[in-house]
Amino acid sequence: MSRHLRLLPTLALCACAPLTAPLPPSALDLPTHYPRTLAEDAPANAAPTASAIGWQDYFPQAPLQALIAEALRHNPDLRDIRLRLQQVQAQWRIQRSTGLPTVNLEAQARRSRGPLEPPESGPAASTREYRVGLGASSWELDFWGRIASLNEAALQEWMASRAAEQALVISLIGQVAAAWTSLRELDERLHLLETLQAATAESLALMQARHDAGRADAAALAQQRSELAQMRAEQAELQQMRASQRSTLEMLAGLTQLPAALEPAPTTILLPFALAPGLPSTLLVARPDIIAAEHRLQASAAQVAAARAAFFPRISLTAFGGVASTALQDLFKGPSRAWNFVPEISLPLLDGGLRQSRYDIAALDQQRALLDYERTVQNAFREVAQRLEEAHWLKEQLRLRREVVQQQAQRQTQMHMRLRYGRASRLDVLESERDHLRAQQRQHMLEHALLRNQIALYVALGGGTQALSASSPPQQE
């Protein structure tokens, strides 16, 4: 017994190293910088990176913060992925326990009866045996690292699930902020449209009076009526869009009804930080979806190592130590100590190609995981580049649109001056006010489009990843 026990430390040391081979570096065809025209629009390097800015700092509006907090608590998709994360963590603990010996407290009473040899020697006799002790059954010594590789695969799957949860959190924050911003935009558009309707209604009344006096034709009057009808139809459409946007916010936040206190206030929405996109390589450590794909790639490599180790013999131990006796009253008396130690080695010789097929499947899964990782990285770069390009042209459009608004404001001022000196009619002034309001509408639409672009860029750059990683639950041992 003692000689066999001395072998256990040596065998245990052999079981510590999995057969997971280092992964070859992926030949990702990523540029070293974003396009030059986009880099010119980017803020200086002193600007903070998105991953270092927590969402509470990037979205300073109190109602929006409260709404995001509600979404993080009650969103059904997020609750579902968190439950799945707990399941994956439990699966990892189950897999980890397979590499440890299972020790049981055993108590056994056995009675048997059989024929004597030779048969003519007399009637059959019965035997009794009682046994109590500790036993370990079929503890596999991970000599080739099969179990260690499976443990590593389960751990990597759990870490991938954690990163996927972070990716969903960031995406949910971006969706809530974008929907909240769109709701504010619709409120502004409705407000401007109501002002425009009032000006158009006054213009229609003046046109009607001129028509009744014979100073305006029916076509001009019909045009005014048509414009007013179109505005009313547009108002109904915007109200329907607002109701839909409100419903979207309620769904994202997991609320049955959006409280009035969480709706956007009639103030200008500003984002306090200008984001520095950094280098494309920073996405590899900033975006949770890339981190999740990397962990899945490592898990697939561990599965390949486990499938490779299945070709080697399996060594297992069964042992018992305690007391045994043929009489129950003598179980704990006298020389009743008993033990057994049964090492076992097994190697399937013919399995119909089962182990080879499992190895082939694991190798193919690794290749697919590598492709998924490359695709995830490329999509991340493409998404950031698209957001930067979109921001470039939105800023250019907004600059030009602000010039239009300024010119319309000057025209409106001039028309009021001409009205004062009798050089223009009230109808001309109302027409200039309507043009000014329409220009303001387009400007507000561009401003909110740029806001949503910056929110999407914050998400694409892995916004708040560092804060989310710091607040993640520690790895349980």
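Q: Leaving aside neighbours within four places in sequence, which residues is Q197 in contact with?
A: Q197 is in contact with L228, M231, R232 and Q235. Contact means heavy atoms within 4.5 Å. This is a predicted model, where local features need pLDDT of at least 70, side-chain atom pairs count only at pLDDT 80 or more, and totals for chains, interfaces and linings use all residues. Residues are numbered from 1 along each chain as its sequence is written, and side-chain values use heavy atoms, with hydrogens and water left out.

Q: Is Q197 buried or exposed?
A: Q197 is buried, because its relative accessible area is 14% and buried means under 20% (1.4 Å probe, protein chains only).

Q: Where is Q197 found?
A: Q197 is in helix α7, residues 146–212. Helices are DSSP runs of H or I, at least four residues, numbered from the N terminus.

Q: New topic. How many residues has the largest nonpolar core?
A: That core has 49 residues, and F59 and V176 have the most contacts inside it. A nonpolar core is a set of buried Ala, Val, Leu, Ile, Met, Phe, Trp, Tyr and Cys residues joined through side-chain atoms within 4.5 Å.

Q: Which element gives the largest share of this core?
A: Helix α7 does, with 9 residues.

Q: And what does V176 contact, leaving aside neighbours within four places in sequence?
A: V176 is in contact with L64, L67, I68, A71, L249 and L252.

Q: Which residues does the second, separate core include?
A: That core of 8 residues includes L186, L190, L192 and M231. M231 is also one of the contacts of Q197.

Conventions. Helices (H or I, at least four residues) and strands (E, at least two) are DSSP runs, numbered from the N terminus. Buried means under 20% relative accessible area, exposed over 50%, partly exposed in between (1.4 Å probe, protein chains only).
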